[in-house]
Amino acid sequence: YCVRLSDELFSHYVSDIIRKTSPDKVSVETIFLVSYIEQYINIVNDIEIVFHNIESLFFKELFKSSNQIYKKIFYFIESKKINSLEKIISTQINNKNSLFPVFLSEVDASYYKDTFNFNNNKLRINSNKIYLEKTVKHHPNFKNPYFLFPGSVDFPPNKEAMLWLLDEYVKQFEDPFTIVITGKITKTLKKEFLKYKCIRFSGFVSNEELIKYYGSCICVISPIISGGGVKVKNIEAISLLIPILMTEFSAIGIDSKNNALVKVCKNDPNIFSTNLRHFCREIEKVFLC
């Protein structure tokens, strides 16, 4: 974004397209490009500013969950800077009839409405859709059963989620099923999980390999308790018809009602582990009957 904002050719290119085509609507897909809006705010009658999550809170969560001091300082400063940007944008939106904020969940919309006084009649909620090239036949491997967490623990909220869950998970399962964690992993991060013999890191996997993991896992787990935005891993699992257990926090922005393959439980590791045992039994009954 910094490169684009400082690139006059790019800026003129975008503005020329807007002026020549006179579009009915323009969608600015990140709040960090909002400075472009001023160039054509009087040309287009409907300009949507997409809030992919509560950015300032997201960086606050990264600040809390990061262990490295230099990262903590960076995330804290960024959260303050973004909070100022959010205030500027909210003022612009409320003062201009052509500007409309778009949110990915009711929770995010409610937060911005209450915190930044967005006009209620301008709020828009985006429909969350994901289009996958492949479908999956779910045949759980009960000979070597495992749960799948499709997300790198290199990302602080993912690491925090797994460490939050594991002690209680190991207590509740007499012979704990393996939990396969996909994505980038370093030796330093691996050391933090050494005491949990049930954890297996797959490392980075291709889309084909990930599809295989989805197809043979018992279910996907998403014990996320921090961060922001709608969790793509959840939408993928639901779209592929793979059973998934999520915390209430992880389920923000996802309609899980009337779907037997989707379970949502409270943000408590004890409750999550108990629900996981019950969910696992339900899945076994379906496939082993």
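The model is predicted: local features need pLDDT of at least 70 and side-chain atom pairs count only at pLDDT 80 or more, while totals for chains, interfaces and linings use all residues. Residues are numbered from 1 along each chain as its sequence is written, and side-chain values use heavy atoms, with hydrogens and water left out. Helices (H or I, at least four residues) and strands (E, at least two) are DSSP runs, numbered from the N terminus.

- Let's begin with helix H4, residues 55-65, where Glu-55, Ser-56, Phe-58, Phe-59, Glu-61, Leu-62 and Ser-65 are buried.
- Here, buried means under 20% relative accessible area, exposed means over 50%, and partly exposed lies in between (1.4 Å probe, protein chains only).
- The buried residues of H4 pack against H5, helix H6 (106-116) and helix H7 (156-172).
- A handy rule for reading helices is that an α-helix has 3.6 residues a turn, so residues three or four places apart point the same way.

- Patches are made of residues with over 30% relative accessible area and no salt bridge; like charges are joined within 9 Å, and nonpolar side chains (Val, Leu, Ile, Met, Phe, Trp, Tyr) within 5 Å.
- Accessible areas come from the Shrake-Rupley method with a 1.4 Å probe, and for residues only the protein chains shown count as cover.
- A nonpolar patch on the surface is formed by Ile-69, Tyr-70, Ile-73, Phe-76 and Ile-77, which together have about 530 Å² of accessible area.
- Lys-80 lies in helix H5 and is partly exposed, with a relative accessible area of 45%.
- From C-alpha to C-alpha, Lys-80 and Ala-109 are 20 Å apart in space, and they are 29 residues apart in sequence.

**A buried residue: Phe-272**

- Phe-272 belongs to helix H11, residues 269-288, and counts as buried because its relative accessibility is 0%.
- Leaving aside neighbours within four places in sequence, Phe-272 is in contact (heavy atoms within 4.5 Å) with Trp-164, Leu-165, Ile-221, Ser-222, Pro-223, Leu-245, Met-246, Thr-247 and Cys-265.
- Phe-272 and Asp-114 are 158 residues apart in sequence and 30 Å apart in space, C-alpha to C-alpha.

**Salt bridges**

- A salt bridge is a side-chain nitrogen of Lys or Arg within 4 Å of a carboxyl oxygen of Asp or Glu, and by this rule the count comes to 8.
- One of them joins the side chains of Glu-48 and Lys-25 at 3.5 Å, N to O.
- Glu-48 lies in strand E2 (residues 47-51) and Lys-25 in the loop between helix H2 (8-21) and strand E1 (26-28), so this pair ties together parts that are 23 residues apart in sequence.
- Glu-48 is buried, at 13% relative accessible area, whereas Lys-25 is partly exposed, at 45%.
- Another salt bridge brings together the side chains of Asp-154 and Lys-184 (3.6 Å, N to O).
- Asp-154 is in the loop between strand E5 (146-149) and H7, and Lys-184 is in the loop between strand E6 (178-182) and helix H8 (187-191), so the pair ties together parts 30 residues apart in sequence.
- Lys-263 and Glu-282 also meet through their side chains, at 3.7 Å from N to O.
- That pair links distant parts of the chain, with Lys-263 in strand E10 (residues 262-265) and Glu-282 in helix H11, 19 residues apart.

**Two positive phi angles**

- Asn-117 is not a glycine, yet its phi is positive, at about 55°.
- Asn-117 is found in the loop between H6 and strand E4 (124-125) and is exposed, at 57% relative accessibility.
- Leu-241 is not a glycine either, and it has a positive phi of about 65°.
- Leu-241 is placed in the loop between helix H10 (232-239) and strand E9 (244-247), and is exposed at 58% relative accessible area.
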